Amino acid sequence: MLAFWPAARRSLAAGTTRRRWLIGAAILFALMAPDLDAVMGPLVGTSIASYHNGPTHSLMVAMAFGMLFGLVCKTFWPADLRALVLLGAAAYTSHILLDWLSWGPGVLLLWPFLPDTRFASPVPLFLGVRHSVNAPWTTHLLTVANDSAFAIVVWIVSRTIARRGRTAPSNSGG
Ligand SMILES: [Zn+2]
């Protein structure tokens, strides 16, 4: 996802302020959309955990979401439809990837082909929010520290890559 950042930033700079807010909100929505299944439980009178982390955390739904995202964003953002579909699917999939890397039961990555098989990283990097186990609130502090540390690492890596990209000598002169 972050590999797209320089191109995304150039693209964002081209938009009007209103459109930039809209595309920003759309990307934020795409990043969180897989967890909308948590709303289902309270809607039917059961707990948040009852429908959470189900088929919405699969690559199939990510692809379908990407297509919808592309079609909706195309109405206000002047970019190639394929790029928008890719952006939506990548943002959605990054959420699934982070859940895959989190402590917990894993994700239904290949639903509906393997509807009952959950996939989890052999080495969890993240503590996760842990709604489903009623963890004490202090574990949320650990989650915040854990996620912030990861965000700092990603930020440093992306800064380094961006700086190298700017200072690298051009080989295309012939
Ligand atoms: Zn999730």
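Predicted model: local features only at pLDDT ≥ 70, side-chain atom pairs only at ≥ 80, totals over all residues.

Colleague: Why is histidine 95 called buried?

Modeller: The relative accessible area of histidine 95 is 10%. Since buried means under 20%, histidine 95 is classed as buried.

Colleague: What makes aspartate 99 partly exposed?

Modeller: Aspartate 99 has a relative accessible area of 22%. Buried requires a value under 20% and exposed one over 50%, so aspartate 99 counts as partly exposed. Both histidine 95 and aspartate 99 belong to helix H5, residues 81-100, where they are four residues apart, about one turn of the helix.

Colleague: Which protein atoms are the donors of the zinc ion?

Modeller: They are Asp35 (OD), His57 (NE2), His95 (NE2) and Asp99 (OD), at 1.9 to 2.2 Å from the ion. The sequence spacing of these donor residues is D-x21-H-x37-H-x3-D.

Colleague: Why is the arrangement around the zinc ion called irregular?

Modeller: The four donor atoms subtend angles of 89 to 169°. A tetrahedral site would need all angles between 85 and 135 degrees, and the arrangement is therefore classed as irregular.

Colleague: How do you know how H2 runs relative to H4?

Modeller: The axes of helix H2 (residues 17-32) and helix H4 (residues 59-74) cross at roughly 170° and come within 11 Å. Angles over 145 degrees count as roughly antiparallel, so H2 is roughly antiparallel to H4. In this contact Ile23, Ala26, Ile27, Phe29 and Ala30 of H2 meet Phe65, Phe69 and Cys73 of H4. By class these are eight nonpolar residues, with no polar and no charged ones.

Conventions. Residues numbered from 1 in each chain as written. Heavy atoms only, no water. Axes fitted to C-alpha atoms, helices over the stretch in contact; angles between N-to-C directions. Helix = DSSP H or I, 4+ residues; strand = E, 2+ residues; numbered from the N terminus. Parallel < 35°, antiparallel > 145°, perpendicular 65-115°, else oblique. Contact = heavy atoms within 4.5 Å. Nonpolar A, V, L, I, M, F, W, Y, C, P; charged D, E, K, R; others polar. Donors = N, O, S within 2.8 Å, 3.2 Å for Na, K, Ca; no water. Tetrahedral: all angles 85-135°; square planar, octahedral: opposite > 155°, others 65-115°. Buried < 20%, exposed > 50% of the residue type's maximum accessible area, 1.4 Å probe, protein only.
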